[in-house]
Amino acid sequence: MKNIIVSASSLPAGRNMSSQLEYIKRVQNYGADMYHLDIMDGMFVRNQSLDYNYFEQLRQVSNILFDVHLMINEPERFILKYIKQGADILTVHYEAFKDDESLIKVLKQIKSKKVLAGIAVDIDTDIKNVLPLFKYADVALIMGVKVGAYGQTFNEEALKKIKKVRQEYPDITIEIDGGMNDITAKKAIKAGADVIVSGAYIYNNDTFVAIQTLKGKY
């Protein structure tokens, strides 16, 4: 049986530090493998969320892997700050760069610091444009919803993207983010996903049951 990794999204816990501290401890205790730190700057996407200034306090209460998803403009300006604050995986958006060369440069910079580098692809982006770039990455993060908004319904076009990435890159780690629940996660896993990023489903249900269900163990 395939070992499914669950990365619990930080988004439902909001920007309140006490909520974040409680939530990260809870999801780790109940079996999450990673904490998916959704970073939004209010410009690349409409909403704002926590940023690297929160990381030190989060790390004090948890040793869970930090799966950092940057939904920000000019990510190259902030890469080193997130690495310094303990990112284990650092994923940037394809759509945040003016050209492929700029994206490749950032991916190489991340990997040079012994951090896993990821490319995130929004639901509206044609995966054909991104496929050649995944050879520079460790992680492919496929969005199942429009980036930046919480609680959206899963768009099954993401399954086609997962299949194409898996066909082209058999060994890359594929994350699926957005609209993940007990039903959609199974579809994503069947398509080839390795990591299920989930926010509302984990937050709004029994935490242990939700995480173990996503792993296929409950």
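The model is a predicted one, so local features need pLDDT of at least 70 and side-chain atom pairs count only at pLDDT 80 or more, while totals for chains, interfaces and linings use all residues. Residues are numbered from 1 along each chain as its sequence is written, and side-chain values use heavy atoms, with hydrogens and water left out.

Start with the charged pairs. Taking a salt bridge as a side-chain nitrogen of Lys or Arg within 4 Å of a carboxyl oxygen of Asp or Glu, the count comes to ten. One of them joins Arg-26 to Glu-22 at 2.8 Å, N to O; both sit in helix H1 (residues 17-29), four residues apart, or about one turn of the helix. Helices here are DSSP runs of H or I with at least four residues, and strands are E runs with at least two, numbered from the N terminus. Lys-146 pairs with Asp-122, with the closest N and O atoms 2.9 Å apart. Because Lys-146 is in the loop between strand S6 (139-143) and helix H6 (157-168) and Asp-122 in the loop between S5 and helix H5 (127-130), this pair ties together parts 24 residues apart in sequence. Asp-124 joins these two in a salt-bridge network. Arg-166 and Asp-194 come to 2.6 Å, N to O, in another salt bridge, and both are buried (under 20% relative accessible area; exposed is over 50%, partly exposed in between; 1.4 Å probe, protein chains only).

Polar atoms of the Asp-41 side chain do lie 2.8 Å from the backbone nitrogen of Met-43 and 2.7 Å from that of Asn-73.

As for packing, a nonpolar core is a set of buried Ala, Val, Leu, Ile, Met, Phe, Trp, Tyr and Cys residues joined through side-chain atoms within 4.5 Å. The largest has 76 residues, with Val-68, Leu-90 and Ile-119 among those with the most contacts inside it. Helix H4 (residues 100-112) supplies the largest share, five residues.

Finally, the backbone. Most residues other than glycine have a negative phi. Glu-74, however, has phi near 50 degrees, and Lys-114 about 65 degrees. Glu-74 counts as partly exposed because its relative accessibility is 40%, whereas Lys-114, at 77%, counts as exposed.

Notes
A polar contact is a pair of N or O atoms within 3.5 Å; within protein, one must be able to donate a hydrogen and the other to accept it, and residues adjacent in sequence count only if both atoms are side-chain atoms.
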